[in-house]
Amino acid sequence: MNKNRLSLREAVAYTRRGFAIWCKAAPEVLVSAAAVRAVNALAPYLPLWFTARLVNAIAGGEPGAAWPMLAGLLISTAVMGAVRAAASAWDGTMMDGRLYTVWNRIHFEKLLSMDFCDVDNPKTQALLTQILQNNNWSGWGLINIYGLFADLVEAVMRIAGAVALSVSLFTLPVPPGSPLVWLNSPLCLGGMGLALVISVALSGALFNRARRYWSEYDGTQGNRGFSYFYFIAMRERERAADIRTYAQDKFLEDAGRQDMGSETSFGPGSTIGRQARGPMGALCAAAGAVSQGFVGAIYLFAGLKALGGAFGVGSVAQYVGALAGLAQGFTDLLAVWSVLRSNAEYLKPVYEFLDTPNKMYQGSLTTEKRNDRRYEIEFRDVSFQYPGTGTWALRHVNMKFDVGERLAVVGENGSGKTTFIKLLCRLYDPTEGEILLNGIDIRKYRYDNYLALFSVVFQDFKLLSQPLGQNVAAAEDYDRTRAEECLRKAGFGQRLAELPKGLDTCLYREFEDDGVEVSGGEAQKIALARVLYQDAPFIVLDEPTAALDPEAEAEVYTKFNDIVEDKTAIYISHRLSSCRFCDEIAVFDHGQVVQQGNHDALVEAEGKYQALWEAQAQYYAKKGSEELEDGIL
Ligand code: ADP
């Protein structure tokens, strides 16, 4: 982390920006931290004050004055203890509940508002992984700004309280005539000041040097191993069956132990482990010794002044406590400073991520909500290269289709089918050529407006661990009749009727013990219902029936016209039999549309389609030619 270290000014600027982010996103968290830390810092001083008065009264032979002080001591200790405990419980809730939710939201909102090509970019993903890892490691990044602020407030309040309680140590003089009157000399005051400065500076420097071992230590690899072996691989539900079948638990534990024993981990055998037992530990010990040396000096000075008659013996405890607090406050300030410098380095990837610009042009035209739902899409000589690659994923694609048509996109893996869909849905813009909606370049439409024209089921779609109905509607409040209707159309009607809680059945078991585990095919039907509920003029289905059994697949296809109604349906499929009912089939090969037409014409013509058809017919030959004829492959 030490390469291109930020200058002091940059580190402060980075931290100020982080602070501004928190002020905007969650000011209440900062207010809470400030209040709690102020209480924490000031709490020990009140009992200290009463203790001093109490001992003075006892030592001065004034039991009458001692009682109120004793009462004050008891009450202040109890009240401050209670307030501190309540405040830290409150802060803990704010910390866990709000802080991390807001932290997530800051990153998540950026990710959602980014151009899709940047989300898809491995660089962005690497940046995000780095941010997450730094945060997991020790809250490095934005979370530490909260910690820095809280520590700063506590240090300042501790210093303020200490100054208030220790001023009289220097202002109350040893009465004239005492042999210790020389303690009133300004030199003594200067000497104590110097001791304070030396103690704080020296212990701070030693402590910082010790801390540098951490900030210079690149624990990314160790952290990655730790998260993978102990959290991801061991705990992910999807892996549970594999882990049991192959008895991977032992294997993973060994691998994890090996990782923790490696040089780059955090275990006792790691570099940082050895440093903690060696130089880092020695530096921390020396820092502690210096601070305690200063406490000894205060004892000496305050004790001698009390002996000289400047104040009662009880005040010694007050001054020692206050000045030790003062030294601690300054040491904490230095620690804040050093963490601020280290943390600023971890803010670099955060800002790089948050500052990713939106480069996609966003027009202002609205996609008129046409009552006749007439939309025409045209690909005009469209070519596309994925960013950072020199190869054409699509080349000179020309195609036109109207709402109401059924278009199938077929071709071998890697032929450009998904890329075609991504361009259609404007997840990417073409590198060359243009895509037109009703004759106008799609870039000229409002982005959200244009996206709303499409409902897509991607092959790797995901459902949420939430009630079935909410999954279908993608909303908490929804039209139940419509959701049921869509599920029925998608072929989920019978299963729905069997569910005692119907639409309120929770999918999966993350939140409800009686949640249902749906099969891949059922999930696909629910995803299909979700598309229907959206009621967009274009539906795009990427292998819509891949997880369905042949019977269910046949059922979906038979009812397809009912399902899709007057919308345009675009299917990506490598099962040619499932495309036969489409008006138009576009055959992709090496990024180009090599053939276009209906099934009957294409299967007759010599070319890619016929070759694919025959290859698949051969593959399924065992299943019998009638099945093939029926289209239930
Ligand atoms: P299909 O859907 O027909 O299997 P794709 O459209 O996914 O094909 O891929 C077309 C070509 O683009 C392939 O050569 C593939 O390797 C490449 N490609 C796909 N996605 C990306 C990506 N995100 N970055 C770089 N290249 C990609």
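Which helices and strands each supply at least two residues of the lining of the largest pocket? They are α4 (63-113), α5 (116-120), α16 (447-451), β6 (454-457) and α20 (520-534). Helices (H or I, at least four residues) and strands (E, at least two) are DSSP runs, numbered from the N terminus.

This is a predicted model: local features need pLDDT of at least 70, side-chain atom pairs count only at pLDDT 80 or more, and totals for chains, interfaces and linings use all residues. Residues are numbered from 1 along each chain as its sequence is written, and side-chain values use heavy atoms, leaving out hydrogens and water.

Stay with the pocket. Helix α4 gives the most to its lining, with four residues. In total 25 residues line the pocket. Leu112, Phe116, Leu427, Leu451 and Phe458 lie nearest its centre. By class, the lining has 16 nonpolar, five polar and four charged residues. (Ala, Val, Leu, Ile, Met, Phe, Trp, Tyr, Cys and Pro count as nonpolar, Asp, Glu, Lys and Arg as charged, and the others, Gly among them, as polar.)

Now the ligand. The residues around the ligand include Asp120, Tyr386, Glu412 and Thr419; a residue is near if one of its heavy atoms lies within 4 Å. The shell divides into two nonpolar, seven polar and three charged residues. Helix α15 (residues 417-424) brings the largest share, three residues.

A backbone N or O atom of Gly414 lies 2.7 Å from a ligand oxygen. For Ser415, the distance from a backbone N or O atom to a ligand oxygen is 3.2 Å.

Notes:
A polar contact is a pair of N or O atoms within 3.5 Å; within protein, one must be able to donate a hydrogen and the other to accept it, and residues adjacent in sequence count only if both atoms are side-chain atoms. On a 1 Å grid over the protein atoms alone, a cavity is a set of points where a 1.4 Å probe fits but cannot get out, and a pocket is an open set with protein on both sides within 12 Å along at least five of seven lines; lining residues have an atom within 4 Å of a point.
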